[in-house]
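Please read these notes with the structure open beside you.

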Amino acid sequence: MLTGITFPTDAATPVTGTPVERLEDARLLTGTGCFVDDLTRPDLLHAVVLRSSMAHGRIVAIDASAALELDGVVAVFTAADVASDGAVPLIPIRLAPFPESQAFRQPVIAVDTVRYVGEPVALVVATSRAIAEDALELIELDIDALEAVASTDAALAAEGDGVLFPGTGSNLVLRYTAQMGDADTAFANAPYVRTERFSTQRHSAVPMETRGLLAEWDAEHGHLFLSGAAKVPYFNRRALAEALGLGMDEIDLLEQDVGGGFGVRGEYYPEDFLVCFAARRLGRPVKWIEDRREHFMATNHSREIACELSIACARDGTILALAGRLDADMGAYIRTNGGVVPAKAGQFLPGPYRIRDIHVDVSIVVTNKTPVGTYRGPGRFEANFFRERLIDMAAADLGLDPNVMRAHNLITAADMPWDAGKLVPYEAETSFDTGDYPVTLTRCLEEIGWEKNKHLQGTVIDGLYHGIGVACFVESGGAGPRENARITLETDGTLTVAVGSSSVGQGIETAHAQIAADALGLPLGKVRVLHGSTTLLHEGFGTYHSRAVIMGGSAILDAATNLKEHLVAAAAKRLGLPNTRLVVENGGVGSGDRFISLAELATDGPFSANGTFANTTRTYSYGAHACHVAVNPQTGAVKILDFVAVEDVGRAINPLIVHGQAIGAIVQGLGGVFLDHLVYDSEGQLLNASLADYLLPTATDFPNVRAVTLELHPSPTNPLGAKGAGEGGIVAVAGATANAVAAALAPLGVTITDLPLTPPRLWQLISDARAAAEPEH
Amino acid sequence: MDEIDITLTVNGTAHILSVSPRTTLADALRQGLGLTGTHVGCEHGVCGACTVIVDGAAMRSCLMLAAQAERHAITTVEGLGRPEALGPLQAAFRKHHALQCGFCTPGFLTTLHALLTEEPDADAERIREVVSGNLCRCTGYVAIIEAALEARAAYGHQEAEAC
């Protein structure tokens with residue numbers, strides 16, 4: 001009998017909370033990972049999408065006869081082909097399902113009308129991608145132009161042909177009011193009120209890997225496989241099953257390595273349907289890989305919101321009330337993310353401050369541009385910029401140190417849990433869970449050297465204007481309703497973890513393995529994590545809203561608890577001891593000196609257990625960002641001398657990964673402040689659909705960024721104590737940076753209210769301010 | 001379109017490939033040789049994900065025709081190490097968390113390998129300048145620079161004597 005302390009065990013020191021190197025790295029570093037375009041199949045066909053080059057118009061004719069004659073072209077599908085199976089399916093709304101949005105959903109392929117440049121009109125399938133692209137040029141597409149509306153102002157003013165969905169009568173999808181307390185009275189009685197208009201520009205995530213799909217129809221078994229899944233495979237399976245008239249058990253979505261998500265990748269897009277439709281219709285595997293140009297016009301855009309914001313304060317800087325109006329440009333259709341971007345901007349307008357009287361009006365408007373979805377910190381990035389700019393303006397008016405004013409108004413530990421009200425119409429009331437918000441501000445001010453450096457505000461050193469800006473934030477994570485996992489102790493003594501979370505490259509294979517390893521007392525090297533694919537579990541919810549560790553990790557803990565019961569029962573038989581005396585620890589099961597290692601016990605296996613974590617209570621991480629800039633008044637160029645983000649994430653499962661998330665998010669955010677901008681002309685033409693024209697941060701742009709991760713106040717909402725850690729790094733970047741630029745240029749009379757802060761724009765603001773300051777001749 | 005035969009050496013092994021004249025080197029490596037570690041992120045030479053080393057120089061394999069690689073020696077990310085035996089840059093990337101999704105990573109590794117082979121003493125500023133032609137959306141570049149600085153030792157970099 002293999003008992004007693006002489007048997008070697010797998011006992012391992014705990015790894016949760018330690019910066020272990022990532023398990024996924026070895027394959028990704030050696031070119032042995034597998035991204036969707038790395039897949040190939042015998043008899044594989046390649047699809048490309050014919051897209052509208054017009055922002056708004058009626059399709060008069062599509063003539064594909066010449067394309068079909070090209071050697072190697074197998075099929076050209078249009079809405080007429082899709083309609084032969086029934087009505088052309090619409091993209092369903094997954095989040096923020098305002099009922100009014102339903103009339104604005106997108107057909108999976110344009111039917112009669114095109115509403116943005118890039119809208120799919122036809123799918124060409126050929127024996128090679130090159131031939132399919134050749135064929136694209138042979139299709140004659142005749143579109144009669146309709147009035148295009150390329151801004152919310154134009155959209156709201158439009159009548160007749162300028163209304164995107166004539167049946168709705170208006171381009172205004174809906175307008176709603178969210179409020180707490182009595183903002184009207186607070187404003188009426190306030191000693192100080194200021195109102196400003198702000199805007200954030202349309203930009204998006206632009207992951208390095210474009211989207212891609214490979215659909216395979218198994219005619220013999222009536223089963224569809226779709227590779228290239230990400231983010232929410234189980235939801236997309238349901239959507240596809242409904243659209244294709246298949247049962248849920250007749251479709252599986254398979255996840256490969258995923259080259260970045262940041263919100264935009266993995267949603268259910270038109271191509272998800274079209275590629276599956278083609279594979280089933282043709283009975284051959286069909287692959288579609290988005291090219292970079294079409295990525296810019298086909299994959300969700302984000303961030304385009306205009307805001308009018310009013311703040312009411314006491315003379316000591318106490319914020320009495322906040323009132324705002326948000327106008328969100330949603331592009332041509334309401335896709336899967338529904339109204340979540342503007343709704344979250346509305347919810348997070350008051351941010352981490354003790355504000356009781358709030359009034360927010362939100363307008364959701366369609367325009368003839370690419371549809372909008374979520375991009376890392378959706379709505380939060382925008383709202384933070386609006387509010388934090390206004391706080392700096394108010395502090396200046398009141399003659400206060402803006403950061404003293406922030407500290408004076410931040411929610412403290414004594415205020416917790418903070419009733420954050422019901423500022424989102426489709427959600428229940430919520431409350432901020434735990435935290436001591438001023439602590440992160442204090443730390444952030446120490447890091448940036450505020451007391452030592454604040455005399456630099458607006459000073460000129462070597463011709464450059466210096467400024468320091470700060471912004472505070474609160475950020476939600478851990479969306480419900482639940483997540484599932486299964487852990488199996490294989491007969492070779494290793495653990496296989498299957499989880500409903502998805503990887504978008506953020507490192508959950510490692511973080512989840514750490515959680516599982518510690519739960520069973522095994523070394524990390526014995527754990528393998530499988531995720532994302534619908535073949536693994538009956539149900540999963542995926543990765544968004546910083547939920548993979550909170551929800552998936554907690555489901556793994558539950559599965560581990562259940563697995564331990566099985567292991568104890570099995571060990572009891574082997575050891576001849578009652579279950580009640582046995583515990584799983586040190587890589588085995590035992591009691592006193594009677595012990596059996598999991599490796600040995602596994603030979604009786606495999607043992608498997610499921611776990612679920614159900615929770616609809618959100619976590620709220622929080623923190624502060626600070627930025628020190630030097631602005632060249634001759635060119636409008638801004639140099640980031642220092643940027644630091646401080647965030648309390650509750651509990652960091654892997655500090656290395658959390659730190660990497662924060663740094664990456666900061667730099668992405670700085671791109672959103674200075675570079676990223678999807679530019680449209682007044683006809684709805686996208687002007688910069690290439691990486692040569694759409695600027696992203698490079699290695700030389702923002703070298704001076706730092707992040708501090710704190711674990712001060714774990715969340716009580718989940719057994720790990722974790723809060724989201726992937727998005728806080730971006731939320732306050734625009735607020736802090738714009739405040740820094742504004743502080744630098746204050747002596748020139750420049751006011752910063754709109755993003756992006758490109759050199760030409762800043763140069764113009766500086767020139768205008770100087771001209772205005774000169775006495776008239 | 002008639003195919004042409006090309007001869008090239010990839011990661012030390014000679015290959016003869018039949019390709020269409022318009023086939024890029026990236027597609028030939030990925031589809032012709034199954035070396036899918038070379039990634040294509042933009043197809044117009046901006047993102048750098050497809051960077052391979054041609055006779056010692058970092059080149060965009062999406063901007064180069066396979067036919068142009070005739071009789072040249074190519075090194076791809078697969079030639080820089082194996083999962084169980086990472087090369088020095090790869091090990092440093094892993095240690096410093098210089099990758100997240102890993103899609104751009106092969107291009108950074110090949111670019112840096114070419115740089116450090118030629119300039120093992122490249123400083124942080126030089127490294128930043130050279131990899132500024134490669135885009136990464138995950139890491140913010142900070143850890144990539146740290147990893148490259150550490151990996152220099154394996155390429156012959158000598159730490160300067162402290163004054």
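How many residues of domain 2 of chain A are in contact with domain 3 of chain A?

1. In this predicted model, local features need pLDDT of at least 70 and side-chain atom pairs count only at pLDDT 80 or more, while totals for chains, interfaces and linings use all residues. Residues are numbered from 1 along each chain as its sequence is written, and chains are lettered from A and ligands numbered from 1 in the order in which they are written.

2. In domain 2 of chain A, 15 residues are in contact with 16 residues of domain 3 of chain A (contact: C-beta atoms, placed from the backbone, lie within 7 Å). The domain 2 side has six nonpolar, eight polar and one charged residues (Ala, Val, Leu, Ile, Met, Phe, Trp, Tyr, Cys and Pro are nonpolar; Asp, Glu, Lys and Arg charged; the others, Gly among them, polar).

3. Chain B and chain A each put 45 residues into their contact. On the chain B side, the largest share, four residues, comes from α2(B) (helices are DSSP runs of H or I, at least four residues, numbered from the N terminus). That side divides into 22 nonpolar, 14 polar and nine charged residues.

4. The axes of α3 (residues 105-118) and α4 (residues 124-131) of chain B come within 10 Å and cross at roughly 130 degrees (axes are lines fitted to C-alpha atoms over the stretch in contact; angles run from 0 to 180 degrees between N-to-C directions). The two helices, α3(B) and α4(B), are therefore oblique to each other (under 35 degrees is roughly parallel, over 145 roughly antiparallel, 65 to 115 roughly perpendicular, the rest oblique). Among the contact residues are B:F108 of α3(B) and B:I127 of α4(B).

Technical notes. Two residues are in contact if their C-beta atoms, placed from the backbone, lie within 7 Å.
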